[in-house]
Amino acid sequence: MRRFNFLNYTDHTEEPYAVTMLARNPNVTMRARGVMEKCTYCVQRISAARIEAKKEGRPIKDGEVVSACQQACPTKSITFGDMNDPKSEIAKVKKQPQNYILLEELNTKPRTTYLTRLRNPNPKLGKES
Amino acid sequence: MSAREKLNDDLILGKHTFRTINDKVNNVVLNQNSHTIPWAVCFMVGFMLLQLMGLVILWLLYRGIGIWGVNNPSMWGWDIINFVWWIGIGHAGTLISAILLLLKQSWRNSINRFAEAMTLFAVACAGLFPLLHTGRPYMAYWMFPYPNVLAMTPNFRSPLLWDVFAISTYATVSAVFWFLGLIPDLASLRDKSKNPIFKGIFGALAMGWRGAASHWQRYESAYIMLAGLSTPLVLSVHSIVSFDFAVANLPGWHVTLFPPYFVAGAVYAGFAMVLTLAIPVRAWYNMKDFITMRHIDWMAKVMLATGLIVFYGYLCEGFFSWYSGNVFEIDMMRFRMFGPYGWAYWMLILCNGIVPQFLWFPKIRTNLVALFIICQFVSLGMWLERFVIITVSLTRDFLPSSWGYFTPTIYDIGMFVGTVGQFTFLMFGFLRVLPMINNFEMKELLYRMTGRGHHHGHTAHALEPDLAGHTAGDGEEH
Ligand code: SF4
């Protein structure tokens, strides 16, 4: 998903600008008009974790990087991690049969994939929702 | 005189000598009284629209490009349509100056100068749109791979970056080519002008040209070399512009047909614009002896041929979207024809498919009013072509959740008419300060036409058997 700042939506001329900035996200700069909004997979959090790991001389642990949306999600529906590590949480989730890629046939190989909604196909167990 | 007779006009009409050609071409620049009311009107209107564009750009820099009609599915609106349209228009100039030179087509001589100027001005108009469309034009230098501390390089896999290189190369080569071709004429203006200021300016621009044999020898080889450089550009620039679409994975854009069909469309639109300018200008400045009906006829024929290629492209698009069996492609074609922008598609077919068919008739090709009107249809048609390609595909892609609609705002319109104004302003400014017809090439053509070029073994006569008997002028004053 990407959105473009067609206009100056976060008006930097508005007075308590510093407050707005802190309220939205203190870790990254506010994007002005003319800049693309795009998921960065919380690059600032990845960098922070990488720096910590480097200081301690170890690889980044699985689950150490928590993206902001993952942290905020009340139903814990978002998983984030290293896809190349077969033991990671994300690799396990991606192996599940209900994992799917949106418009996979276009072969754009997106990193973000989805899980289909779990439905109940057995009518004896109640109505499908 | 019947319509057909006019088609056999010579490339230079009337009784002309080297001196009369020289005077006629230089007079437009040196005698400021030769500019009459039509010049003033065009120049003024162009200047006013240019000011309008300045206002739009100021407001745009302040508010952001959201003042245009661009929105979330339809990220590319009129700005990219206009960009492709203007770039296309420039192509005729390069074709005339480079390819026709290499093919030794002597009919290019009288039209190449202002066709090249048109190329430059069209590129200047085109370049504005992507520049502003980046959102932060003041950061535009980020598009070039320069060493920086931001650890930032442009993505070379993106066709938008190829565009940057294609267009900047095109602009540079066209400008150098144009200027090189001007040097002998600038020297002639320097020699003829009485006003010391003009003399100084033309003298500086002529860069010490004395017309020595060594000058001519270097000039000819440099000119041919630049023509060789420009020739691939005629094909490459618009191919790369078409990659902006063809490389994307969007129904209606992801088509291998795009490069050739865009190039043909560019030449088609470009010749329409050359004619749009040539028809009135040759009348206002009485250049009918140099831009004869034969020139006009041949330009109309090029337009007809490229127009047929473009129309064939439309038919192919229709056929292949059906033949692909791909639901998205088939639906895209349906949306184009019968969707919310169906009117644009059918207007396009009318302008680019049906109206140019009138050019089959010599009567229409020699009727300047009819031809002028057809050229306007062609320009409109080529604009609509880009509108259909860009808007329909963007607002009707794979997921209905990301469908939308595009409506232009007054700023879109202001920007477009502004570039039209800029183009007119520059074009008429050019007519006033620089020779619009290639003076020395016309004299060379006259030399060959009067039969003095035989010992060169020049091919002009072989190409133009009817030139051999021409007796106009003997090179001296009558
Ligand atoms: S919060 Fe989520 S959606 Fe936003 S940048 Fe981070 S990972 Fe991407």
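Helix α2 of chain A covers residues 43–56, and because its 14 residues at 1.5 Å a residue should span 20 Å, the 20 Å between its end C-alpha atoms agrees with expectation. The expected span is taken as 1.5 Å times one less than the number of residues in the helix, while helices (H or I, at least four residues) are DSSP runs numbered from the N terminus. This is a predicted model, in which local features need pLDDT of at least 70 and side-chain atom pairs count only at pLDDT 80 or more, whereas totals for chains, interfaces and linings use all residues. Residues are numbered from 1 along each chain as its sequence is written, chains are lettered from A and ligands numbered from 1 in the order in which they are written, and side-chain values use heavy atoms, with hydrogens and water left out.

Within α2(A), the residues Gln44(A), Ala49(A) and Ala53(A) are buried, where buried means under 20% relative accessible area, exposed over 50%, and partly exposed in between (1.4 Å probe, protein chains only). Gly57(A) follows α2(A) and has a positive phi, near 65°.

Counting disulfides as pairs of cysteine sulfur atoms within 2.5 Å, the total over all chains is zero. In chain B, the sulfur of Cys375(B) has its closest cysteine sulfur in Cys351(B), and because that distance is 12 Å, it is too far for a bond.

Helix α14 of chain B (residues 368–395) also has a span that agrees with expectation, since its 28 residues at 1.5 Å a residue should span 40 Å and its end C-alpha atoms are 40 Å apart. Of the 28 residues in α14(B), 20 are buried, which leaves the helix mostly covered. The N-terminal end of α14(B) is capped by Asn367(B), a side-chain oxygen of which lies 3.2 Å from the backbone nitrogen of Val369(B).

The accessibility of several residues is set out below.

| Residue | Relative accessible area | Class |
|---|---|---|
| Cys39(A) | 42% | partly exposed |
| Cys375(B) | 0% | buried |
| Glu220(B) | 36% | partly exposed |
| His215(B) | 15% | buried |
| Leu186(B) | 1% | buried |

The side chain of Thr231(B) reaches the backbone oxygen of Ala227(B) at 2.7 Å. Not counting residues up to four places away in sequence, Thr231(B) touches Ala98(B), Ile99(B) and Leu102(B), contact meaning heavy atoms within 4.5 Å. With the neighbours within four places in sequence likewise left aside, His215(B) is in contact with Gly208(B), Trp209(B) and Arg210(B).

Leu186(B) has its place in helix α6 of chain B (residues 159–192). Leu186(B) and Asn439(B) are 253 residues apart in sequence, yet 9.6 Å apart in space, C-alpha to C-alpha.

Conventions. Helices (H or I, at least four residues) and strands (E, at least two) are DSSP runs, numbered from the N terminus. A polar contact is a pair of N or O atoms within 3.5 Å; within protein, one must be able to donate a hydrogen and the other to accept it, and residues adjacent in sequence count only if both atoms are side-chain atoms.
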